[in-house]
Amino acid sequence: MPDLLIELFSEEIPARMQKRAGEDLQKLVTNGLVEAGLTYASAAAFSTPRRLTLTVEGLLAQSPTTREERKGPKADAPEKAIEGFLRGAGLTRDQVQERETPKGNVLFAVIEKPGRPAAEIIAEVLEATVRHFPWPKSMRWGSSALKWVRPLQSILCILSDEAGHAVVPVDIDGITSGDTTRGHRFMAPAQMSVTSFADYEAKLARAHVVLDPGARAETIWNDATNMAFASGLEVVEDAGLLAEVAGLVEWPVVLMGKIGDDFLDLPPEVLQTSMKEHQKFFSVRNPKTGRIERFITVANCETADNGATILAGNEKVLSARLADAKFFWENDLRVAKDDMSVWTQALENVTFHNKLGSQADRIERIAALARELAPVVGADPDIAEEAARLAKADLSSEMVYEFPELQGLMGRYYITAAGKDDAIAAGAQEHYSPLGPSDDVPTAPVSVAVALADKLDTLTGFWAIDEKPTGSKDPFALRRAALGVIRLVLENEISHTLFSSLNSGVMSHLDQKIEIEGQIRAEKRANAIRILDLHPSMERTLARMLKTSGEKKAVEHLESIKFIWDEEAGEEVLVDAVSEEPLFPPAETLEEDDLLAFFHDRLKVYLRDQGIRHDIIDACIAMPNNDDLTLLVKRAKALSETLKTDDGENLIQGFKRANNILSQAEEADGVEYSYGADPKFAQDPAETALFTALDQAEAQITPAMAAQDFTTAMSAMAALRTPIDAFFDAVQINTDNQTVRRNRLNLLSRIRTLCLSVADLTKLDG
Amino acid sequence: MSDTPDTPRSFQEIILRLQTYWASKGCAILQPYDMEVGAGTFHPATTLRSLGTQPWAAAYVQPSRRPTDGRYGENPNRLQHYYQYQVLIKPSPPDLQELYLGSLEAIGVDMALHDIRFVEDDWESPTLGAWGLGWEVWCDGMEVSQFTYFQQVGGHDCHPVSGELTYGLERLAMYILGVDHVMDMPFNDPQTAIPLTYGDIFKQTEEEYARWNFDTANTDVLLRHFEEAEAECKATLSAAHDDPKTGKRIVMAHPAYDQCIKASHIFNLLDARGVISVTERQAYIGRVRNLAKQCADAFVQTRAGGWQPEDAA
């Protein structure tokens with residue numbers, strides 16, 4: 001069976017696109033081959049800056065012949081029907097068979113598709129692959145209409161077996177396939193022909209091209225760490241940089257250079273970022289001092305002077321870069337030590353979002369919220385507020401303007417330099433965290449308060465202006481913010497009803513809107529504040545309106561409310577200003593609040609990774625105070641553990657059985673059986689035992705629930721399994737004796753009430 | 001840089017070698033455009049000639065001005081007036097990378113000693129409504145050129161595609177000549193009777209322009225000039241294609257484009273004077289882009305832009 005080798009040779013492919021391109025090439029070609037009936041034993045893709053390569057081994061030499069039989073109309077069917085059948089099958093009347101069947105003679109078409117040689121299929125598949133390749137960005141060149149990531153220069157496409165190799169003829173807009181490639185651009189530019197993948201890989205290696213990006217990365221890492229080690233130093237690990245650098249060279253040559261003495265006192269992160277972003281250098285650290293003292297650069301070729309010229313050039317460029325960084329650092333430090341309010345004031349002119357005001361407006365809101373959250377997380381409110389006010393000051397610094405990825409960290413340096421409390425400095429750095437599922441969660445109370453405030457403000461703000469994530473689009477990273485809140489709350493075990501803070505977040509947006517638009521004069525504003533003070537539930541209504549109908553509607557709604565004196569009630573009531581109809585805050589449930597639902601969705605994703613089923617979470621979300629995520633998760637974890645036990649799982653069945661019987665009876669009888677069962681009507685010992693068991697369970701569950709000790713509550717609930725099972729085995733609920741039946745239904749009701757006080761077990765699957 | 005007999009000795013020698021090299025590769029060696037521009041790309045030999053189907057090959061030095069980059073001649077690398085070397089070939093030839101590398105060798109970059117890399121860098125000019133894909137070319141970690149395949153200019157898709165090379169001459173020359181401060185760079189041959197450094201020629205002008213750009217240029221006058229250039233550009237383009245005097249079809253794409261360049265430079269000056277706010281900035285850029293787009297629309301209505309008399313039918 002032959003092997004296929006394809007190489008698409010082009011001008012330099014961006015490093016960040018190479019890996020994915022190799023995978024796409026493999027997927028598109030092998031899928032195309034298999035679809036056409038050409039199966040294969042194995043395939044692998046490789047990439048370098050100038051080539052994408054695919055090797056497919058053990059390919060069928062031709063696709064198998066296929067045979068399809070189609071049943072048609074009867075032989076004596078009307079002419080039209082037969083014509084249609086023949087057209088569909090692409091055959092003539094004498095090419096179809098007539099077979100006897102119990103229903104008479106029927107026409108049969110046998111359509112045979114002969115197998116096709118592999119080369120023919122490969123040519124088609126390769127052309128389609130090249131023409132429809134999913135590059136993130138592609139371009140045209142010269143006069144050609146073909147698109148590729150950069151000009152495509154040649155195509156190597158050969159089939160080889162024991163007998164030898166043959167070029168698979170392909171012509172894509174004038175680029176014809178062959179069996180030749182080129183080596184390293186500078187060290188072995190000559191054309192060479194190859195006969196198989198093994199031959200190709202070996203010849204490339206001789207021509208100074210390491211085909212496998214993994215092997216290039218390994219060489220770079222080994223050489224770099226050895227070189228650093230020899231000087232008593234260590235390379236700072238950076239997997240992303242390593243992959244990128246491996247995509248910039250075909251023949252990696254590792255060189256270690258010096259950093260000018262003038263720059264060694266810059267913060268290590270600044271050195272590291274400047275070297276990485278601008279020059280794609282690895283940082284080399286002194287393990288004793290933690291200082292960055294050298295750099296590693298990776299050249300693409302060996303030179304006559306063993307890299308001396310290359311290294312000198314790189315050192316020179318780095319000095320110019322670091323001179324800039326040092327200039328920024330020194331200027332920034334001057335401002336920080338003098339008066340940082342210059343920076344915070346400058347943020348008044350920086351738009352955060354045109355509907356959400358400036359960065360300074362945002363900081364105001366975050367500061368207020370951080371202050372409010374401080375007691376919940378155990379932080380000092382004054383310190384939390386000051387930390388929030390300074391947390392984003394570094395956005396105005398020159399260093400962060402140059403290297404946005406250093407935001408927060410520079411803030412920490414500058415706030416420390418300004419002589420502020422360490423907790424405030426740490427808050428600046430940590431308030432962006434956690435940035436992803438694996439990022440560390442801050443634990444210092446001030447940092448937690450600011451981090452929560454920052455994320456909650458973002459979420460409520462974008463919710464208020466209706467910029468929610470949809471599908472794969474989440475331009476403001478709101479899912480990440482929600483996950484951040486979840487992790488901050490859970491990992492710090494903060495038990496707090498989130499929604500109270502969410503609402504004050506929403507309120508400050510609303511407030512700001514009122515001020516910005518000047519729609520409500522002082523008295524209107526005072527009125528609004530009074531309404532909200534006296535009727536906290538209005539805040540919920542407005543919050544919902546903000547989310548569902550937008551700010552304008554919510555503001556209009558707020559304006560349309562006035563107080564009137566209600567004679568009958570003897571108090572002021574809220575009425576619609578136009579119709580004077582009384583307003584009743586709708587008895588909406590929390591499920592309608594889609595920001596909370598959004599949190600719950602994120603929570604499900606987060607807990608799924610920890611092995612907690614989504615239906616268990618649903619059962620807990622249905623309980624009160626479901627915006628206290630810590631409480632919710634405690635409940636879910638306890639329920640999840642309970643369900644893993646034999647008793648727990650069977651109890652759910654017992655509960656469901658009880659619930660079903662009860663619901664059916666309630667529906668049929670049109671009453672609710674919740675009057676309490678009386679043990680004196682118990683007829684069976686199992687029935688009496690259930691009374692006792694329920695009493696005992698209740699005595700354990702009620703205090704445990706009050707103490708939020710879900711594990712105790714749930715194990716007490718699970719202990720009901722035996723008496724419930726015994727009860728169902730022993731008695732018939734629907735007996736003729738109506739008193740006994742009612743009593744038993746009321747007993748089932750006790751089971752239901754007790755179980756539902758722990759979690760909404762009706763939401764569980766199965 | 002090591003000193004071999006082949007190493008150039010002055011800034012001008014590097015320019016002359018580039019001129020000779022690209023002439024030998026068939027480019028028309030044009031002279032700088034006689035207006036203030038921010039980059040070589042603004043020369044109509046690039047902006048307009050990259051449009052339409054007519055083949056083109058040109059190379060030239062373009063003095064370029066970026067008022068905000070002025071540092072009174074004190075910064076070793078930053079200048080408000082500097083030189084770019086620009087090459088534009090349409091359609092882009094298949095060996096453009098090799099041609100480019102040849103030009104580096106011509107100015108004394110020995111490929112056996114240096115590390116040349118093509119690093120992804122997509123180019124976009126918001127003021128010209130143009131973008132392309134390509135690389136910044138690194139020599140030993142330093143960016144020495146920009147290499148771009150134009151995909152769109154003035155809102156028009158490029159068919160065929162032009163290949164554009166831009167060399168930042170001062171930076172490249174400083175590296176080749178081993179100079180650390182641009183003002184110390186020999187402009188002519190240092191062995192001649194009257195050797196001149198870059199600083200001898202430009203230190204004083206950098207100071208003068210930095211002061212004018214940042215502090216004294218009359219912003220009222222500039223704002224008025226901007227409006228006037230914009231109006232003149234639009235008026236020029238709205239004139240009938242048929243010239244009543246000669247009876248010929250004369251679409252005035254180039255005169256209109258001059259006004260567009262003028263508006264663009266005035267915008268840069270206003271920016272340096274600090275009178276343009278962040279929000280206004282976008283609006284000004286949009287206005288210049290709008291002019292550039294209309295000039296591009298007009299150019300493709302000319303013969304050089306590929307218009308044929310049959311098209312009129």
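Biologist: What is the mean pLDDT of chain A, and how many of its residues reach 70 or more?

Modeller: The model is predicted, and pLDDT is the predictor's confidence in each residue, from 0 to 100. For chain A the mean pLDDT is 87, with 87% of the residues at 70 or more.

Biologist: Where in chain A is confidence lowest, and where is it highest?

Modeller: Helix α17 of chain A (residues 498–517) has the lowest confidence, with a mean of 54, whereas strand β1 of chain A (residues 3–10) has the highest, at 98. Over residues 514–521 of chain A the pLDDT is below 50, and this stretch has 11 contacts in the model beyond near neighbours in sequence. Residues 584–592 of chain A also stay under 50. For residues 584–592 of chain A, the model has 11 contacts beyond four places in sequence.

Biologist: How many helices and strands are there in chain A?

Modeller: Chain A holds 28 helices and 20 strands. Of its 766 residues, 50% are buried. Among the contacts in chain A with a separation of 6 or more, 67% are between residues 24 or more positions apart. The accessible surface of chain A is about 35,100 Å², and carbon and sulfur atoms account for 49% of that surface.

Biologist: How does one check the span of a helix such as α24 of chain A?

Modeller: The expected span is 1.5 Å times one less than the number of residues. Helix α24 of chain A (residues 646–669) has 24 residues and should therefore span 34 Å; the C-alpha atoms at its ends are 34 Å apart, which agrees.

Biologist: Which residues of α24(A) are buried, and against what do they pack?

Modeller: The buried residues of α24(A) include Gly648(A), Leu651(A), Ile652(A), Phe655(A), Leu662(A) and Glu666(A). The helices against which the buried residues of α24(A) pack are α23 (629–644), α26 (710–718), α27 (721–730) and α28 (738–756) of chain A. After α24(A) comes Gly670(A), with a positive phi near 70°.

Biologist: Which residues other than glycine have a positive phi?

Modeller: One of them is Gln708(A), with phi near 55°. Gln708(A) is placed in the loop between α25 (685–706) and α26 of chain A, and its relative accessibility of 31% makes it partly exposed. Another case is Tyr72(B), whose phi is about 55°. Tyr72(B) is found in the loop between β2 (56–65) and β3 of chain B, and at 31% relative accessibility it counts as partly exposed.

Biologist: What parts of chain B does the pair of Tyr83(B) and Phe202(B) tie together?

Modeller: Tyr83(B) and Phe202(B) are also edge-to-face, at 6.0 Å centre to centre and 65° between the planes. Because Tyr83(B) lies in strand β3 (residues 81–90) and Phe202(B) in helix α5 (residues 198–216) of chain B, the pair ties together parts 119 residues apart in sequence. Tyr83(B) is buried, at a relative accessible area of 16%, and Phe202(B) is buried at 10% relative accessibility.

Biologist: Which residues form an aromatic cluster, and which charged ends sit over rings?

Modeller: One aromatic cluster is formed by Tyr85(B), Tyr100(B), Phe118(B), Trp135(B), Phe147(B), Tyr149(B) and Tyr167(B). Over the ring of Trp135(B) sits the charged end of Arg150(A), 5.6 Å from the ring centre. Likewise, the charged end of Arg249(B) sits over the ring of Trp307(B), 3.4 Å from the centre.

Biologist: Where are cis peptide bonds found?

Modeller: One joins Lys90(B) and Pro91(B), with omega about -10°; Pro91(B) lies in the loop between β3 and α3 (96–106) of chain B. Another runs from His159(B) to Pro160(B), with omega near -5°. Pro160(B) is in the loop between β8 (156–157) and β9 (163–168) of chain B.

Conventions
Residues are numbered from 1 along each chain as its sequence is written. Chains are lettered from A and ligands numbered from 1 in the order in which they are written. This is a predicted model: local features need pLDDT of at least 70, side-chain atom pairs count only at pLDDT 80 or more; totals for chains, interfaces and linings use all residues. Side-chain values use heavy atoms; hydrogens and water are left out. Helices (H or I, at least four residues) and strands (E, at least two) are DSSP runs, numbered from the N terminus. Contact means heavy atoms within 4.5 Å. Rings of Phe, Tyr and Trp (its six-membered ring) pair if their centres lie within 6.5 Å; planes under 30 degrees apart count as stacked, over 60 as edge-to-face and the rest as tilted. Buried means under 20% relative accessible area, exposed over 50%, partly exposed in between (1.4 Å probe, protein chains only). A charge sits over a ring if NZ of Lys or CZ of Arg is within 6 Å of the ring centre and within 35 degrees of the ring normal. Accessible areas come from the Shrake-Rupley method with a 1.4 Å probe; for residues, only the protein chains shown count as cover.
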